[in-house]
Amino acid sequence: MKGRKLWLVLLPVAAVLLELLPYGAVLNFGVQAADGSIDTIRRTYSYFSLTPFGYALFGPLLTAILSCLLLALGVLYLWRGKGKSALKGLSVIAVLASLSPLLYGVNYFSALGAVISAVLIAETVAAFLPEKH
């Protein structure tokens, strides 16, 4: 029983650690080249960085905050056995927030962002698994 509950803590820990890396959130900037054409520069940031948020890319920071809340709820559920329904709802919202950069296009989504989304999907699946008694 504890092993299954432990996944509800370990997966958000993995998500938060991945979100700390500076390769998850993507911003694409248009700059004028020497010949007058427009080139695109790709910059990546941590999910906890306020820079993408300032450029109206809200998903990464929201995902990071929700991952921290998932971690807190997972710890609460591990110790007290309470809060599983909140954990379910929050995990679904976190998955949607992690996939929201795709609304801007695939160019605004990184491989690390896909891994973070996969970890949060695994968290959602783990939250919805029935408990064994």
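Which residues in α4 meet which residues in α5? On the α4 side they are K84, L87, K88, S91, V92, A94, V95, S98 and L99. On the α5 side they are S117, L120, I121, E123, T124, A126, A127 and F128. The model is predicted.

**Helix packing**

Two packed helices are described by the angle between their axes and the distance between the axes.

| Helix pair | Angle | Axis distance |
|---|---|---|
| α4 (residues 84-99) and α5 (residues 111-128) | about 160 degrees | 9 Å |
| α3 (residues 59-80) and α5 | about 35 degrees | 12 Å |

Take α4 and α5. Angles over 145 degrees count as roughly antiparallel. The angle here is about 160 degrees. The two helices are therefore roughly antiparallel to each other. The crossing of α4 past α5 is left-handed. By class, the residues of this contact are 10 nonpolar, four polar and three charged.

Now α3 and α5. Here too the crossing is left-handed: α3 passes α5 that way. From α3, the contact draws on T63, S67 and L70. From α5, I116, L120 and E123 take part. The classes in this contact are three nonpolar, two polar and one charged.

L120 meets α4 and belongs to the contact with α3. E123 likewise meets α4 and belongs to the contact with α3.

**Aromatic pairs**

How many aromatic pairs does the structure hold? There are three. Two of them are described here, starting with F53 and F58. A pair of aromatic rings is described by the distance of the centres and the angle of the planes.

F53 and F58 form an edge-to-face pair. Their centres are 5.0 Å apart, and 75 degrees separate the planes. Planes over 60 degrees apart count as edge-to-face. F53 has 37% relative accessibility, so this residue counts as partly exposed. F58 stands at 46% relative accessibility and therefore also counts as partly exposed.

Y104 and Y108 make another pair. The ring centres lie 5.6 Å apart and the planes meet at 50 degrees, so this pair is tilted. Y104 counts as partly exposed because its relative accessibility is 47%. Y108 has a relative accessible area of 23% and is partly exposed. Buried would mean under 20%.

**In brief**

α5 packs against α4 with axes 9 Å apart, and against α3 with axes 12 Å apart. The F53 and F58 pair is edge-to-face, whereas the Y104 and Y108 pair is tilted.

Definitions and conventions: Residues are numbered from 1 along each chain as its sequence is written. This is a predicted model: local features need pLDDT of at least 70, side-chain atom pairs count only at pLDDT 80 or more; totals for chains, interfaces and linings use all residues. Side-chain values use heavy atoms; hydrogens and water are left out. Axes are lines fitted to C-alpha atoms, for helices over the stretch in contact, and angles run from 0 to 180 degrees between N-to-C directions. Helices (H or I, at least four residues) and strands (E, at least two) are DSSP runs, numbered from the N terminus. Angles under 35 degrees count as roughly parallel, over 145 as roughly antiparallel, 65 to 115 as roughly perpendicular and the rest as oblique. A crossing is left-handed if the near helix is turned anticlockwise from the far one by less than a right angle, and right-handed if clockwise. Contact means heavy atoms within 4.5 Å. Ala, Val, Leu, Ile, Met, Phe, Trp, Tyr, Cys and Pro count as nonpolar, Asp, Glu, Lys and Arg as charged, and the others, Gly among them, as polar. Rings of Phe, Tyr and Trp (its six-membered ring) pair if their centres lie within 6.5 Å; planes under 30 degrees apart count as stacked, over 60 as edge-to-face and the rest as tilted. Buried means under 20% relative accessible area, exposed over 50%, partly exposed in between (1.4 Å probe, protein chains only).
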